[in-house]
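Me: Please go through this model with me, one question at a time. I would like the cut-offs stated as we go.

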Amino acid sequence: MEQRHLGRTGLRVSRIGLGTLTWGRDVDEHDAADMLKAFWEAGGTLVDTADVYGDGEAEYLLGLLMEGLVPRRDLIISTKAGSVPDPDRRFNGSRGHLLAALDASLARLGTDYVDVWHVHAYDPDTPLEETLQALDLAVGSGRARYAGVSNFCGWQLAKAATWQLAAPGTRTRLASTQLEYSLLQRGVEREVLPAALDLGIGLLPSSPLGRGVLTAKYRHSTPPDSRAASEHLALFVEPYLDDTATRIVDAVQTAADGLAVTPLQVALAWVRDRPGVVAPIVGARNAQQLAGALSVEALTLPDEICRALDDVSAPVHRYPDHDWSTL
């Protein structure tokens, strides 16, 4: 698998990442082992997790598999901290919480360091410089090799990145940002992606298949074993089952038919090769599903297909979105 630099750093990661959102909850140890081994054998290196995935079980399971299945040195482990199961405070970006969460993640993962450590979301109740100092302390102590943020909007990302760049050699440059990005969700193109490109921050798209909708599995019905049929994930999928999404999925299916590939491959290749994207993070239930995503390595979409998909899924840009002079 092709390797790409993570932002403006020397770290190289596979251009497809393996997500673990459902590990330890919907994905058991057997399926997780099959997927991690298949991903590694395909040349994949970037594995993304978080301290809240499965209430910590995803990290614990990944740690178990690194003990006896895939060598730690062959993987780039990315984890996140800052989301908390508290209805009164969804995010905690305080220095104390973040550093304690990192130590707990390292214990579950069974490793001395993570390769990339992300703040899971912006915390409006904590001064941003306090949150960012936790990243500096983590990198300075060797517990994290690189740092990034997740789910920051455009101004939040720009503020955080420029704060870090204001003291080079003292503060840790942000290497990456992680947000949802797909043919069904192109909101990052308004301000986040232009900021990331300008500041040298690599984008790691989550839900690159539109929460599974871009595989075209929901075109005619809802499969009983799908996320949309799941009690705890149905609301996650529902926003992408409207008329706009149907039009985009139909276009993806048409492109797939013309290229003799699957809708999954078309949708994943499109987002993988967008400007600023380093590695889409793909989640799967089993090795068979993952194989479909890994098969995209050999596919590059023709320019005319990309333009057609761009047109049918184009987000609305209005003042004062970036590059207003073209609006």
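**Cavity, helices and pocket**

By class, the residues that line the largest cavity are 5 nonpolar, 3 polar and 1 charged. Ala, Val, Leu, Ile, Met, Phe, Trp, Tyr, Cys and Pro count as nonpolar, Asp, Glu, Lys and Arg as charged, and the others, Gly among them, as polar. The model is predicted: local features need pLDDT of at least 70 and side-chain atom pairs pLDDT 80 or more, while totals for chains, interfaces and linings use all residues. Residues are numbered from 1 along each chain as its sequence is written, and side-chain values use heavy atoms, with hydrogens and water left out.

Me: How much space lies in the largest cavity?
Reply: On a 1 Å grid over the protein atoms alone, a cavity is a set of points where a 1.4 Å probe fits but cannot get out, and lining residues have an atom within 4 Å of a point. Grid points are joined across faces, edges and corners, and a volume is the space filled by probe spheres set on the points. The lining of the largest cavity includes Gly93, Asp123 and Phe152. The space in the largest cavity is about 40 Å³.

Me: How far apart are the end C-alpha atoms of helix 4?
Reply: Helices (H or I, at least four residues) and strands (E, at least two) are DSSP runs, numbered from the N terminus. The expected span is 1.5 Å times one less than the number of residues. Helix 4 (residues 128-140) has 13 residues and should therefore span 18 Å; in agreement, its end C-alpha atoms are apart by 18 Å.

Me: Is Gln265 buried or exposed?
Reply: Gln265 is found in helix 9 (residues 263-272). Not counting residues up to four places away in sequence, Gln265 touches (heavy atoms within 4.5 Å) Gly292, Ser295, Val296 and Leu299. Buried means under 20% relative accessible area, exposed over 50%, partly exposed in between (1.4 Å probe, protein chains only). Because its relative accessible area is 12%, Gln265 is buried.

Me: Which element gives the largest share of the lining of the second largest pocket?
Reply: A pocket is an open set of points with protein on both sides within 12 Å along at least five of seven lines. About 220 Å³ of space lies in the second largest pocket. Helix 8 (243-259) and helix 11 (303-313) are the elements that give two or more residues to its lining. The largest share, 4 residues, comes from helix 8.
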